[in-house]
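Please examine the model shown below.

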Amino acid sequence: MGVIKSAMADALLTSMWVFSMPFLKILNLEIAAFLGLQPSLCLMMFIFTIIGNALGGATFNPTASFAFYAAGLKKDWSALSMAVRFPFQAAGGVVGVKIVLGVLPRKYKETIKGPSLKVDMQTGFLAEGLLTFGLCLALLVILLRGPNNPLLRLLLMAISTVGFVGRGANYTGPSMNPANAFGWAYINNWHNSWELYYVYWMGPLIGATLAAWVFRFLLSPSLSTKEKKA
């Protein structure tokens with residue numbers, strides 16, 4: 001698949017993800033008190049994994065794309081392809097937010113605002129970076145060195161995601177997804193602010209890069225061995 005086609009697939013998947021997340025939050029609010037769980041996230045990740053594979057390996061999060069690239073797991077990806085895909089993912093985030101605000105029931109619109117900075121910028125930067133580092137590292141380990149059962153892998157991914165989201169709730173929202181953050185920032189007219197790019201872009205991308213390096217050089221001995229032999 002060409003770079004532009006991959007980027008367009010990313011944009012489509014990102015818009016679908018950003019559109020779906022507010023409804024997922026609403027659903028979880030309705031059932032979490034009763035079940036004590038957020039099972040819908042596992043189902044959502046399962047559905048989007050299938051859709052992403054059907055779209056040729058599309059992703060809805062720039063940090064996930066960059067983590068797989070930096071870990072050396074996508075040999076056909078390049079820095080150029082990352083530079084092309086990121087703006088498309090950001091545009092997909094904007095489309096997703098615009099559509100969801102157009103169809104979301106009025107009583108929920110005031111409760112669904114997207115990520116927002118609740119601390120100073122430096123703390124927010126560190127929070128987004130550390131949360132994304134932990135999440136990306138967990139996802140890399142689960143996907144590549146975890147159980148063979150795909151449903152169990154998705155369950156572990158969902159549990160990890162919920163755990164890191166809960167940790168960051170009092171700091172940055174959190175986002176851990178620059179495209180999602182950009183979509184909400186654009187709608188709320190702060191997409192040109194330094195705060196957005198420093199906290200919600202630089203923090204997560206640095207965290208994703210560090211997670212990829214840790215996995216590549218410390219947790220993936222088979223990959224390191226192959227590179228040394230080459």
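Read along the sequence, this predicted model follows the pattern α-α-α-α-α-α-α-α-α-α. Of the 230 residues, 45% count as buried. Among contacts between residues at least 6 apart in sequence, 79% join residues at least 24 apart.

**The interior**

Which residues does methionine 45 touch, when residues up to four places away in sequence are not counted? The partners of methionine 45 are Trp17, Leu154, Met157, Ala158 and Thr161.

**The salt bridge**

A search of the whole structure finds one salt bridge. Aspartate 10 forms this interaction with arginine 85, and the closest N and O atoms are 2.5 Å apart. The pair links distant parts of the chain, for aspartate 10 lies in helix 1 (residues 3-35) and arginine 85 in helix 4 (residues 79-103), 75 residues apart.

Are the two partners buried or exposed? Aspartate 10 is buried, because its relative accessible area of 0% is under the 20% cut-off. Arginine 85 is likewise buried, because its relative accessible area is 3%, also under 20%.

**The surface**

The protein exposes about 11,900 Å², and carbon and sulfur atoms supply 67% of this area. A nonpolar surface patch of about 920 Å² is made by Met121, Trp194, Tyr197, Met202, Ile206, Leu210, Trp213, Phe217 and Leu218. The largest share of the patch, eight residues, comes from helix 9 (residues 194-219).

Leucine 210, one of the patch residues, is found in helix 9. Leucine 210 has a relative accessible area of 41%, and it therefore counts as partly exposed, a class that lies between the 20% and 50% limits.

| Residue | Relative accessible area | Class |
|---|---|---|
| Aspartate 10 | 0% | buried |
| Arginine 85 | 3% | buried |
| Leucine 210 | 41% | partly exposed |

Conventions
Residues numbered from 1 in each chain as written. Predicted model: local features only at pLDDT ≥ 70, side-chain atom pairs only at ≥ 80, totals over all residues. Heavy atoms only, no water. Salt bridge = Lys/Arg side-chain N within 4 Å of Asp/Glu carboxyl O. Helix = DSSP H or I, 4+ residues; strand = E, 2+ residues; numbered from the N terminus. Buried < 20%, exposed > 50% of the residue type's maximum accessible area, 1.4 Å probe, protein only. Contact = heavy atoms within 4.5 Å. Patch = residues over 30% accessible without salt bridge, like charges linked within 9 Å, V, L, I, M, F, W, Y side chains within 5 Å. Areas by Shrake-Rupley, 256 points an atom, 1.4 Å probe, with all protein chains shown as cover.
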